[in-house]
Amino acid sequence: MDASKMQSPTGKTMNYARFLTAVSAARKPSPIRILTELQQRSPPSLISLAGGSPNPDTFPFLSASIQVKNGPPVTFDETSMKRALQYSASNGIPELVKWMKDLQRSLHNTPNPQTDMCVTTGSQEGLCKVFEMLVNPGDNVLLDAPTYSGTLATLQPLGCNLVNVSSDEHGMIPEALKEVLSRWCPSEVHKPDSRAPRVLYTIPNGGNPTGASMSEQRKRDVYQLARQYDMLIIEDDPYYFLQFDKPWAPTFLSMDVDGRVIRTDSFSKILSSGLRLGFVTGPKPLVDRVVLHIQASTMHTSSFTQLMVSQLLHNWGEQGFLQHIEGVIEFYRKQRDAMISSADKWLKDVAEWHAPKAGMFLWIKLKGIADTQQLIQEKALEKEVLLVPGGVFMIDSSEPCPYVRAAFSLSTPEQMDEAFRRLSLLIKEAQS
Ligand code: PLP
């Protein structure tokens with residue numbers, strides 16, 4: 001079968017060529033990268049004059065030992081340090097990829113056996129490359145706005161038409177998606193001149209900025225519609241590990257019988273945002289295209305960062321990792337509770353909100369305020385309180401928006417309380 005086609009366990013053949021932009025389809029493996037990767041998999045007896053790698057003996061760093069809160073230190077002796085300072089495979093350091101694939105299997109157990117994964121420099125790099133792989137100027141792309149401003153920043157310059165699907169505190173509404181899709185006929189989506197959307201993007205847990213989380217049933221309904229209209233689903237899930245209530249709803253990836261889900265994961269919210277580690281998981285022909293793009297741009301995510309985290313994860317094991325996650329969840333749950341209790345105390349009469357079940361954001365609608373942009377930009381600093389005006393998360397940021405986003409990640413409960421006291425004064429002044 002042609003490399004851009006794949007047969008799923010249900011017997012359905014996915015033709016990925018249909019989804020690729022001309023730029024992505026034209027990507028070819030870098031011959032030098034192939035040789036470098038071949039060399040790194042070969043026995044030490046191989047004498048290679050082929051690679052263009054620099055000699056790490058000339059590098060100034062020798063070794064390192066990084067103390068870890070709950071586990072043995074992560075150490076680099078002279079040999080492992082040389083590896084950490086050297087070029088590495090574009091899809092990721094093999095032992096990190098394997099560890100993550102095992103974790104994905106135990107968490108999501110995707111029914112599609114032809115799923116692959118690569119490491120990216122944060123999930124933002126993965127998202128950006130996925131969109132550039134799939135979105136042409138003029139394409140209709142579905143998403144539930146308000147949405148992550150980093151996604152809008154990636155999609156808007158591609159010249160596509162962003163089509164909003166209504167959502168509420170439980171995320172994208174399947175009936176609204178059905179309504180939007182009714183503009184097209186499922187039997188005509190494969191016609192060359194069809195403008196039917198081929199890509200749907202959503203943040204299924206602890207949405208940024210809304211804090212919304214989707215139920216299993218909503219995901220199943222959305223997946224069925226994606227099947228009916230032969231669309232890909234981009235599941236951007238950096239807040240997956242910050243879900244406060246168990247059991248966690250199954251992911252789109254876990255439902256993906258056809259091979260139409262591309263999932264982006266991130267270590268930013270649970271291990272470090274500065275280390276820049278993310279993962280793209282999805283059908284192999286599409287992950288391969290993302291890797292070709294990485295070959296031509298960053299070449300790979302930092303070897304040092306990957307080896308550092310890989311060693312941590314191997315020291316911890318899956319149990320240790322999940323134990324760490326429990327601690328992180330506990331922290332954010334308490335922060336969420338503190339923010340909600342301060343909101344109840346100060347904002348009840350002047351604003352509305354829904355307590356998020358995941359993530360780190362509270363999405364607040366200010367009563368009697370048509371647009372928060374001016375309020376925040378001109379008046380909030382005077383009152384010494386800062387929030388993000390909701391407009392930046394909208395498809396058209398010039399439309400008035402009565403919402404603000406408050407993060408409960410960094411401030412103490414006392415600071416959140418004082419911030420909401422100041423916000424309530426600000427709203428009252430603006431209302432009068
Ligand atoms: N997706 C969403 C919804 C986010 O909120 C963020 C960061 O805030 C990202 C992706 C990017 O995260 P990173 O690149 O740090 O993994």
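## Exercises: a strand and a ligand site

Strands β15 and β17 (residues 403-407) are antiparallel partners, joined over five bridges. The model is predicted.

**Exercise 1.** Find the bridge partner of Leu362 in β17.

*Solution.* Start at β15, which spans residues 361-366. Go to Leu362, then cross to β17. The partner there is Ala406.

**Exercise 2.** Which sense does the pairing of β14 and β15 take, and over how many bridges?

*Solution.* Locate β14 at residues 351-352. Its pairing with β15 is antiparallel and runs over two bridges.

**Exercise 3.** Decide why β15 is largely enclosed by the rest of the structure.

*Solution.* Apply the cut-off: a residue is buried under 20% relative accessible area. Five of the six residues of β15 pass as buried, so the strand is largely enclosed.

**Exercise 4.** Describe the shell around the ligand by residue and by class.

*Solution.* Begin with the 14 residues around the ligand; Ser123, Asp236, Tyr239, Ser266 and Ser268 come nearest. Next, sort the shell: five nonpolar, six polar and three charged. Last, look for the main contributor. Helix α5 (residues 122-134) gives the most, with four residues.

**Exercise 5.** Which polar atoms lie 2.9 Å from an oxygen atom of the ligand?

*Solution.* Check the backbone: a polar atom of Gln124 lies at 2.9 Å. Check the side chains: a polar atom of Lys269 also lies at 2.9 Å. Ser268 has a side-chain N or O atom 2.6 Å from a ligand oxygen. Alone, the ligand exposes 390 Å², and the protein buries 91% of that.

Conventions
Residues numbered from 1 in each chain as written. Predicted model: local features only at pLDDT ≥ 70, side-chain atom pairs only at ≥ 80, totals over all residues. Heavy atoms only, no water. Buried < 20%, exposed > 50% of the residue type's maximum accessible area, 1.4 Å probe, protein only. Pairing = 2+ DSSP bridges. Near = heavy atom within 4 Å. Polar contact = N/O pair within 3.5 Å; in protein donor to acceptor, adjacent residues only side chain to side chain. Areas by Shrake-Rupley, 256 points an atom, 1.4 Å probe, with all protein chains shown as cover. Nonpolar A, V, L, I, M, F, W, Y, C, P; charged D, E, K, R; others polar.
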